[in-house]
Amino acid sequence: MTPPIDLGPILPELILAGTAIVVLLGGAIARGVTPFAWVLLALAGVAGAAVAAVGLWDWDGGLTVLAGGVATDRFGVATRLIILAVAAIGLLLGHHYFERSGEQRREFAPLLLLATTGMTLFAVSADLIVAFLALEILSLSLYVMTGLSRRLGSVEGAMKYFLLGAFSSAFFLFGIAMAYGASGSTQLDAISGALAGQTGSTALAVTAIGLLAVGFGFKVSAVPFHMWTPDVYQGAPTAVTAFMSAGTKVAAFAAFVRVFNVAFQPLAWDWEPIVWILAALSMIAGSLLAIAQTDIKRMLAYSSISHAGFVFTGLTSAGETGISAALFYLVAYAVTVIGAFGVVMLVSSRGEHRTSLSSYAGLARRNPLAAGLLSLFLLSLAGIPPTVGFVAKVAVFRAAVGAGYWPLVLIGVLASVVAAYFYLRVIVLMFMHEPQEAEAERDDTILPRVVVAVPAALVLVLGVFPGLIVGFLDQAAVLRW
Amino acid sequence: MSTWLTLVIFLPLVGIPVLLLWRGATDNQARTVALVVAAADLLVALGVLGAFDPSVAGYQLVEQVEWVSSAGLSYLVGVDGFSIWLVVLTAFMTPLAILSSWRVEHRVRLFMAMTLLLETAILGSFLALDLLLFFVFFEMLLVPMFLVIGVFGSERRVYASVKFFLFTMAGSAFLLLGIVFLWFQTADQLGSPSFDLRQMELLSLGATTQRWLFVAFFIAFAVKVPIFPLHTWLPDAHTEAPTNGSIILAALLLKAGPYGMLRFNLDLFPEASRSFGDAIAMLAVIGIVYGAVVAMMQTDIKRLVAYSSVSHMGFVILGIFTFTVEGTSGAVMQMVNHGLSTGLLFFVVGMLYERTHTRDIGEMGGLAKVTPWIAAAFLVATLSSIGLPGLNNFVGEFLVILGSFGSDRVLGAIAVSGVVLSAIYMLWAYQRTFQGPEPRAEARRGLVDMVPGEIAAVVPVVAAMLVLGVAPNLALDRINPASEGVVAWVNSVEIDQSGLPGGLRAELDPAFTVQAEGSP
């Protein structure tokens, strides 16, 4: 019997992939059209996908469609919307970046759309095989995007990302095999059922958990699977870094939540310690290593590692509280980090100039707007009120305290004090030091400023009125299977 | 529902977008904007004082708006006898702080915007009755203060500002955990989660739990006070901060610490407060003597005033942890007094620094003949600071000592020595700075006396010092009901004798139980 084919729940992905192909082919055929028109088309695709995703909020069909491959719950809708928002900002930043650096890169928009397709699909996959496919779609696109620039660093980053990424994919795949061995299925609900009914092999399942955790740990850049992050974040074109630092993390955590809270929910006792360790290591190592950095992109990379630890801290509490806290943290992190990299791009002005911390000295004099916005983003990353980062920090701590993980919360608190130091150092440089370099060329175009102002506004608005999205995220935090 | 409190908290924010976005503003325009906004806020604060009913013991003018209802978080502000004077003090000192920094020349708009942001954060911490809201304001203090010290301070400003930030942030990290823990307790015990202080008061917490929470809260506030031995950031921050920053730091920001103890530690953890009371009173007395002795040895006049702050704040803490009405009211008085007198001292020291470009006491001398007005202002502040009767500090310190004699005579006696020591170091500083041979002619260049703007700022402070010194009941009448309430509450709990050796005091002192019975 052929399973019924219901394409509605993957309409967002279809729109994204379709737009990607149109933009790719269109760019090759109609060479006369201005590049910005293609970006607008891509944006329209993203918007269309968002509309399609919103339409799924009240989906009343099956819990999964396409032979159990894709979930239709609100969690999927919410994570999709976050990823799509990131993609929209990433598109505009990237367009500006490549235009200014003089490297016309027509493949950027289609690649970004494909990566987004992979990300959203990763977030809604209800079958490990689909998850693997999605993971590969997003990874391959990101490898190429990392290497889009001709600079050596960019190519090196892409190579490193690719090699290590392939390695982690192998772990992931091996984990899938183990899960299949343990339960006889790759569908999350079937795995869950087999494990709950004790018809499966717990030993194999625990092995699967470990292997899959490696795969996820790599994608979310958790310690000890973080090695690639600083090099890739530094090497990739800044606009690409902005997009992937926010998007990948949301997608990978969404998939992690689904796999671990659905498929391995019966074994929560076994995986919570793993999450605990990943969280603790990431927070400690991320914060400490960030202190030693002299390049802002590398510093933000280590910061992103430590933030992965904070999300894991929220996820130690299995179930709705943890998921809702982690979702809020992901929104906060995505909004903040894409803004921060956006400002880094603005300061670079062209290509990858001036990313060393020393070139931020005296920025408040040269470019008060950039310095002010970057300070706002850094304070949000440090979790200082009234920014969204503070609310997010409280949310994950609350979830972990509720689950009784006091030591982890203590580590988190201390890590955030350490982290405050290196964020502060950048603010010190910008506001309290005199410029060391002569006034270099400045990027005075309006577009990127407007684009960066959006996350800045969100950081403040959501920091003061978190209630605007809390209800929405609470509803989305219920996984249905 | 009245909106006095919301208005007084957020009015200063109105000036910030104006200052940051008005690029063409001249420095004088920027200063004026800030001054006008701060002055308007003072008027509102006086309105709050007018609307405040001294006969009511609990919170007044309460405003509550749901913020994040699923988390039990609400925008909840209210004022009582403890906070009312701190609010007025804040609104009173901010315009003066702005006047004191009229001569800041660079990045005036940023400077003024940060000053106004500080005012909002400080007022918010004094008025918030929702613990998370309090924490938000409490942490919001850090960034503008950090920038004020770090951007506008003197040579070692960056070191001082980072030290300030990390010290206070590390201290308050555990406060957040304590608040989250209490939130879970409200969910468990009361059925619905809440950050509302009045709900949390209803919790019954075990003795051990109370002590842990007490410590978490106490460390956050002790760093701000600062209590010996957590004080090391203060001399650096004060010395490097610009005049405006020093005034705000000393007069206003330090008050968030003792206020937090009074409001939260005593209210939420009465049993733990009692059991730790002796140890903390001991630390307070050590701080009084230590601060005074170290102040005596300073050659940098700003550092001297900073260490005198450590000493004076010791009195505040001692007063709070006597658990007597006199001690508590005295502590609140002393917070206000310290704000006025130390604020004035920093103001005058700032004037001196602007004119002589040195903070070294050894390089000054004989200035009274050249700048008599400055000398007079310094002398008034000095006399107030050493507790001359008729000036404000006398009342507060007297009440605190009275209270501490009521609970522990030895500590009270040692604390008195702090008053004596303060007379030594302050008068000695005055003598070395203002008396002696007149400065030589070339050193006199640029030594102008107070200008009208400065006089306009100094006169109200002196007037307030006199008024509070002569008619302290104006303030005490409003403070006392709140003190009686908290003292009765703390003394009403049974102390767990199996714990720390803290319970001794209640047995030693019969006055304790008498008061507890006498109050409502």
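Predicted model: local features only at pLDDT ≥ 70, side-chain atom pairs only at ≥ 80, totals over all residues.

Residues are numbered from 1 along each chain as its sequence is written, and chains are lettered from A and ligands numbered from 1 in the order in which they are written.

**Where the chains touch**

Begin by colouring chain A and chain B separately: 25 residues of chain B are in contact with 24 residues of chain A, two residues being in contact if their C-beta atoms, placed from the backbone, lie within 7 Å. On the side of chain B that touches chain A, the elements giving two or more residues are strand S1 (60–68), helix H6 (131–140), helix H7 (142–152) and helix H8 (157–190); helices (H or I, at least four residues) and strands (E, at least two) are DSSP runs, numbered from the N terminus. H8(B) provides the largest share of that side, 14 residues. By class, that side of chain B has 21 nonpolar, two polar and two charged residues, where Ala, Val, Leu, Ile, Met, Phe, Trp, Tyr, Cys and Pro count as nonpolar, Asp, Glu, Lys and Arg as charged, and the others, Gly among them, as polar.

Next, select helix H17 (residues 406–432) of chain A together with H7(B), whose axes come within 10 Å and cross at roughly 50 degrees; axes are lines fitted to C-alpha atoms, for helices over the stretch in contact, and angles run from 0 to 180 degrees between N-to-C directions. Val428(A), Phe431(A) and Met432(A) of H17(A) make the contact with Leu147(B), Gly150(B) and Val151(B) of H7(B). These residues divide into five nonpolar, one polar and no charged.

**A helix pair within chain A**

Move to helix H12 (residues 296–315) and helix H16 (residues 388–402) of chain A, which pack at an angle of about 40 degrees with their axes 7 Å apart. On the H12(A) side, the contact is made by Phe310(A), Val311(A), Thr313(A) and Gly314(A), and on the H16(A) side by Lys393(A), Ala395(A), Val396(A), Ala399(A) and Ala400(A). Six nonpolar, two polar and one charged residues make up this contact.

Stay in H12(A) and pick out Leu300(A), which counts as buried because it has 30 C-beta neighbours inside 10 Å. A residue is buried if 20 or more other C-beta atoms lie within 10 Å of its own, exposed if 12 or fewer, and partly exposed in between, with C-beta atoms placed from the backbone. Neighbours within four places in sequence aside, Leu300(A) is in contact with Tyr233(A), Val337(A), Ala340(A) and Phe341(A).

**An enclosed helix in chain B**

Now select helix H18 (residues 372–385) of chain B: ten of the 14 residues of H18(B) are buried, so this helix is largely enclosed by the rest of the structure. Among the buried residues are Ile374(B), Phe378(B), Val380(B) and Leu383(B). To see what covers them, display helices H15 (301–320), H16 (325–356), H19 (392–407) and H21 (452–470) of chain B, which are among the covering elements.

Finish in helix H21 of chain B at Leu468(B), which is buried, with 25 C-beta neighbours inside 10 Å. Beyond its neighbours within four places in sequence, Leu468(B) is in contact with Asn337(B), Asn392(B), Val395(B) and Ala475(B).
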